[in-house]
Amino acid sequence: MKQLMLGNAAAARGLFEGGCEFISSYPGTPSTEITEEAAKFKEIYCEWAPNEKVALESAFGACLAGRRAFCGMKHVGLNVAADPLYTMSYTGVNAGLVIGVADDPGMHSSQNEQDSRHHAIASKVPMLEPSDADEAREFAKIAFEISEKFDTPVLYKMCTRVAHSQSITEPADRVVPEHKAYEKTISKYVMAPANAIKRHPFVEQRMKELEKWSETSGINRVEVVSTGSTTGIITSSTSYQYVKEVLGDSVNILKLGMVNPLPAEMIKKFAEGLEKIIIVEELDPIIETFVRGLGLNCEIHGKDMFPICGEFSQNIVAAAFGKEVHSGKKLDTAIPVRPPIMCAGCPHRGMFYALNKLKVTVFGDIGCYTLGSVAPLSAMDVTLCMGASFSGLHGWNKAGGAENEKKSVAVIGDSTFMHSGMTGLATIAYNQSNSTVIVLDNSITGMTGHQQNPTTGKNLYGDPAGRVDLEALARAMGINRVRVVDPYNIAECEAAVKEELAVEEPSLIISRRPCALLKEVKHNPPLVVDEAKCKSCKMCMKIGCPAIAMKNGKAKIDPTLCVGCGVCTQMCKFGAL
C-alpha cells in the first residue's frame with residue numbers, strides 16, 4: 001500500500017526490505033533518523049557508536065560475518081570514517097555493506113558545505129543518490145545488490161531535502177538473502193603493503209565494470225520528451241525535482257541515480273544531436289567537470305548558470321532558465337529576527353556566563369553548546385570540528401606559554417568528548433600542557449535530538465548499557481585534577497575555573513547537569529518578577545535566557561518557557577526574581 005513517507009524513514013524501510021541485519025551509526029543531521037527509524041524493525045540490530053570511524057569498522061565486521069550491514073552519518077562524519085573507507089575499497093566485502101552519508105547544502109546544521117561525491121571519487125567506491133523517498137527506499141536495496149555483485153562497499157548519498165521531505169513510496173516485503181560464510185583470505189582482508197598493492201588493480205577494474213553496469217541497469221535513465229529538442233539537461237538528486245517542477249516535460253533529461261562512476265557512453269549518446277547540455281547539480285561541478293572532459297561537440301553549461309554555494313530551489317532553477325520567479329506571499333508586518341539561542345534552563349548557560357565574565361579565550365567544539373558563541377554570552381572564540389577543542393587548546397598553550405595558559409580554556413560536550421575528545425585529553429596529559437578543559441556533561445547527545453552515548457548508561461533503545469565514568473577515565477588518562485561543578489551555580493563555576501587556571505598542571509572540570517528538555521528531568525515552578533523590586537538594570541538579560549524579556553521597562557518572565565533553574569536569580573542584586 002502506498003504511503004507518504006519521510007526520506008530518511010523510506011531509507012530505513014529500504015534497508016529493512018533489503019535484508020539488512022546490522023546497523024552502527026553516529027547521529028548527525030540530516031542522517032540521524034535513518035538509524036532511528038531502522039531501530040523500529042526488530043529484525044535489525046541497531047546501535048550508536050562513539051564516532052563514525054568506529055561505526056563503519058563495526059559494520060565492516062558485521063558484513064564479514066555474512067550479514068548485510070549499514071553505517072549512517074552526515075557529510076563531515078564521512079571525514080572521520082574516511083580512514084577505513086579508503087582501505088575497505090581495497091578489501092571489498094563479504095555480505096553487502098552500505099554507507100549512508102547525508103550532505104547539508106545550505107549548512108542548516110553543519111560547519112561546512114562539503115560535497116561527499118569527492119570521497120566517492122577519491123576512495124573509488126560507487127555512490128548512489130536518490131531524489132525522493134521512493135528512490136531512497138529502492139536505492140537502499142539496490143546498494144546491497146551492487147555491494148555483493150561487485151565486492152565493494154557502496155556509498156548511499158542523501159541530502160537535507162531528500163532526507164527531511166516527504167513523498168509517496170510503496171513498501172515491499174523484506175527479503176533476507178542466505179548468509180554468506182566467512183572464508184579466511186589473508187590476501188584479501190589483511191592490507192599489509194604486499195597484499196594491498198595486488199588489490200589496487202582489482203579496484204580499478206571494478207570501477208570499469210561498475211560504469212558498464214550503470215549504462216544499462218536503469219539506475220540512470222533518459223527522459224526524452226522531444227526528439228527535435230536541441231537542449232538536454234543532466235541532473236540528479238533534488239536538482240532533478242526542481243528541474244521537473246520548473247520545466248515540466250519541455251526538456252530532455254538524463255537523470256543520474258549513480259553519481260560515481262558516471263556513465264560516459266550514456267552521456268555521449270544523450271549528447272548526440274544536441275547543441276547545448278546544461279548540468280544542474282548542487283555544490284561542486286563534479287558532473288560538469290566529467291562531462292567537459294568527454295570532448296562533446298556541443299555547448300556545456302553548469303556553474304556559469306548556477307551557484308556553487310548553497311542549496312538550490314525552484315526559484316534558482318527558474319531564474320537560470322529565464323522563467324518566472326515567484327516572489328511568494330509577504331506579510332505586511334515585519335517579523336523580528338529570531339537567532340538561534342540556548343533553550344531556557346540550558347545547563348550550559350551558567351558556565352558560559354562565568355567564562356564570559358572571566359574574559360578567557362575559549363576553544364569550543366561541535367554541539368548545541370556552540371550557541372555559547374552567540375550574544376550576549378559570546379563565550380567562544382574557536383569552533384573547528386568534532387574534538388578539536390582540547391587538542392587546539394593544547395597547541396595554543398604550548399605555543400603561547402604562560403601568557404596563554406592562565407586565560408584560556410576548552411569546552412566540549414559529553415557525546416563529542418566520547419566521539420573524538422579523548423585523544424585531545426590524552427595529548428594534554430601525555431605532553432603536559434598546562435591546560436584547563438571543561439566537559440559540558442548534559443547527559444545526552446543534544447544537538448541531533450537526544451540520542452544516547454557511552455556516558456549515559458543507556459543504548460539506542462533506551463535499555464541499560466555500559467557507562468563510561470568520565471572522572472575515572474580522566475584520571476586513568478593521567479589527569480590528576482578532576483572536579484565536578486553544577487552549572488546552575490555561577491559562583492561555583494567561576495571559582496572552579498579561576499582555581500584550575502591558577503594551578504601548574506592539566507585539569508578537567510566536568511560541568512554536570514542534564515539537558516532541560518529531557519523528559520525525565522523534573523523542573524521547578526516558573527519564576528515571577530516582583531516589579532516593585534525590579535530596578536530595570538537588565539542584569540538578568542545578560543545570560544541570554546529566552547524566557548526573560550523587558551516589557552514596559554521591567555523584567556518579564558514567560559511562564560511557558562521558564563523551568564525555574566534559578567540562574568537568573570543569581571544575577572539580580574535586588575531580589576526581584
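## The largest cavity

Helix H17 (residues 414–431) gives the largest share of the lining of the largest cavity, three residues. Helices here are DSSP runs of H or I with at least four residues, strands are runs of E with at least two, and both are numbered from the N terminus. Before going on, please note that this is a predicted model, in which local features need pLDDT of at least 70 and side-chain atom pairs count only at pLDDT 80 or more, while totals for chains, interfaces and linings use all residues. Residues are numbered from 1 along each chain as its sequence is written, and side-chain values use heavy atoms, with hydrogens and water left out.

The lining of this cavity has 25 residues, and Tyr26, Ile366, Gly367, Met386 and Met447 are the ones nearest its centre. By class, the lining holds nine nonpolar, 13 polar and three charged residues. Nonpolar covers Ala, Val, Leu, Ile, Met, Phe, Trp, Tyr, Cys and Pro, charged covers Asp, Glu, Lys and Arg, and the others, Gly among them, are polar. The volume of the largest cavity is about 300 Å³, and the model has six cavities of 30 Å³ or more.

A cavity is a set of points, on a 1 Å grid over the protein atoms alone, where a 1.4 Å probe fits but cannot get out; a pocket is an open set with protein on both sides within 12 Å along at least five of seven lines, and lining residues have an atom within 4 Å of a point. Grid points are joined across faces, edges and corners, and a volume is the space filled by probe spheres set on the points.

## The largest pocket

Now for the open space: the largest pocket holds about 380 Å³. Its lining counts 20 residues, with Ile341, Met342, Cys343, Cys368 and Leu371 nearest the centre. That lining divides into 13 nonpolar, seven polar and no charged residues.

## Helices that meet H9

Helix H9 (residues 193–216) packs against helix H6 (residues 133–150) at an angle of about 135 degrees, with the axes 11 Å apart. Axes are lines fitted to C-alpha atoms, for helices over the stretch in contact, and angles run from 0 to 180 degrees between N-to-C directions. That angle makes H6 oblique to H9; angles under 35 degrees count as roughly parallel, over 145 as roughly antiparallel, 65 to 115 as roughly perpendicular and the rest as oblique. From H6, Ile142, Ile146, Lys149 and Phe150 make the contact, and from H9, Phe202, Arg206, Glu209, Leu210 and Trp213, where contact means heavy atoms within 4.5 Å. Six of these residues are nonpolar, none polar and three charged.

Helix H4 (residues 75–91) also meets H9: their axes come within 7 Å and cross at roughly 85 degrees, which makes H4 roughly perpendicular to H9. Ser89, Tyr90 and Thr91 of H4 touch Ala196, Arg199, His200, Phe202, Val203 and Arg206 of H9. This contact has four nonpolar, three polar and two charged residues. Helix H11 (residues 264–271) and H9 have axes that come within 8 Å and cross at roughly 40 degrees, and the two are therefore oblique to each other. Here Glu211, Ser214 and Glu215 of H9 meet Ala264, Glu265 and Met266 of H11, a set of two nonpolar, one polar and three charged residues.

## Backbone details to look for

Most residues other than glycine have a negative phi, and most peptide bonds are trans. Asp151 sits in the loop between H6 and strand E7 (154–159).

The peptide bond from Thr29 to Pro30 is cis, with omega near 10 degrees, and Pro30 lies in the loop between strand E2 (22–25) and helix H2 (32–38). A cis peptide bond also joins Ala375 to Pro376, with omega near 10 degrees; Pro376 lies in the loop between strand E15 (361–363) and helix H15 (388–400).
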